[in-house]
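Have the viewer open and follow along.

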Amino acid sequence: MKTFPPQTKTLPAATGRVFYCLLSLLLLACDQTPPTTQQVALPPVVNLAQVAQNKPNKVPKILSPCERFDRLNTLVRDGKIKRSAAKDSIKKLLPLVAKYFYQNGGKNYDRKQWVFPIQGYNKHFIGGKNGEGYVPNGYNYFDGNEHGGHPSHDIFIYDRNQDNLDDNTGKPVNTLSMGSGIVVAYDPAWKPGSVLEGGHYLWIYDPGTQGIFYYAHNSKLFVKPGDIVKPRQRIAHIGRTGKSASEKRSPTHLHITYLKVKPDGSLPPEDLYQDLLKCKGY
């Protein structure tokens, strides 16, 4: 009898391909090294948006009493705070400013030690006759830039061409601190076209006499809130900044005011004329 070799059953082509793929995967798996406890897991995917949302806030800057007063003064100037709230804030802030002044080397000078506030000039350059330029009626500090009156004295310099330079020397004229104190507010950012009247101004609180000096229309400032000053110290250059002072009709001058600090937080003006007459010039 004729014998035949055993027949091999042929798989369809597609089925064969699947079979060999499965076999290859099985052999590959058997060849892998089993994981050990020393293997390090990959870090989880980081969601950047979630990280941004959970980012801790920056620690807010702690302001000095003078910086706080500067911000308060700006609110008053721009009419953005009620009068009662501003008075209450001043009543609380100024004792802190005084404490800061003395802790940082500030010293008292009485009124007899005050100096004329423009270097190279004297009482003969005060505007008006017999101090008539001082008009306190209608003024209230808490009216800000919209206040009335003129509780101040304007002291003029030689500057016919209005270039902020003394006509005789050709140099800038120094604004001097009349008394001692600590700078509590300023504006170094005034630009032509602004409606603000003070221009580059300085407010300096004198704890010894319980008063605040205001120096306005400067061209350049040399001190800032927190700086302690003494009589005769240069604090600015005389200039023509401020809405009205920058106009052609206005001669170059320093506008100086002195406000008396009251226990209730009010700041009524006080006439400096007699002090200016007695002040020593430099």
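## Around Trp 190

Leaving aside residues up to four places away in sequence, Trp 190 is in contact (heavy atoms within 4.5 Å) with Leu 196, Gly 199, His 200, Thr 241, Gly 242, Lys 243 and Ser 246. You'll find Trp 190 in the loop that runs between strand S3 (181-186) and strand S4 (200-206); strands here are DSSP runs of E with at least two residues, helices are runs of H or I with at least four, and both are numbered from the N terminus. This is a predicted model, so local features need pLDDT of at least 70 and side-chain atom pairs count only at pLDDT 80 or more, while totals for chains, interfaces and linings use all residues. Residues are numbered from 1 along each chain as its sequence is written, and side-chain values use heavy atoms, with hydrogens and water left out.

Is Trp 190 buried or exposed? Its relative accessibility is 7%, so Trp 190 counts as buried (buried is under 20% relative accessible area, exposed is over 50%, partly exposed is in between, with a 1.4 Å probe and protein chains only). The Trp 190 side chain also gets to 3.3 Å from the backbone oxygen of Leu 196. As for Tyr 201, eleven residues separate it from Trp 190 in sequence, and the C-alpha to C-alpha distance is 9.1 Å.

Opposite charges on side chains can pair up when the charged atoms come close. Counting a salt bridge as a side-chain nitrogen of Lys or Arg within 4 Å of a carboxyl oxygen of Asp or Glu, the model has nine salt bridges.

One of them joins Arg 83 to Asp 143, with 2.7 Å between the closest N and O atoms. That pair ties together distant parts of the chain: Arg 83 sits in helix H4 (residues 83-103), Asp 143 in the loop between H4 and strand S1 (152-156), and they are 60 residues apart. Arg 83 is partly exposed at 41% relative accessibility, and Asp 143 is partly exposed too, at 29%.

Lys 92 is exposed at 54%, whereas Asp 88 is partly exposed at 32%.

Asp 227 and Lys 224 meet in a salt bridge as well, 3.4 Å from N to O. Asp 227 is partly exposed at 24%, and so is Lys 224 at 45%.

Finally, take a look at Arg 77, Asp 78 and Asp 187: salt bridges link them in a network.

Note on methods:
Polar contact = N/O pair within 3.5 Å; in protein donor to acceptor, adjacent residues only side chain to side chain.
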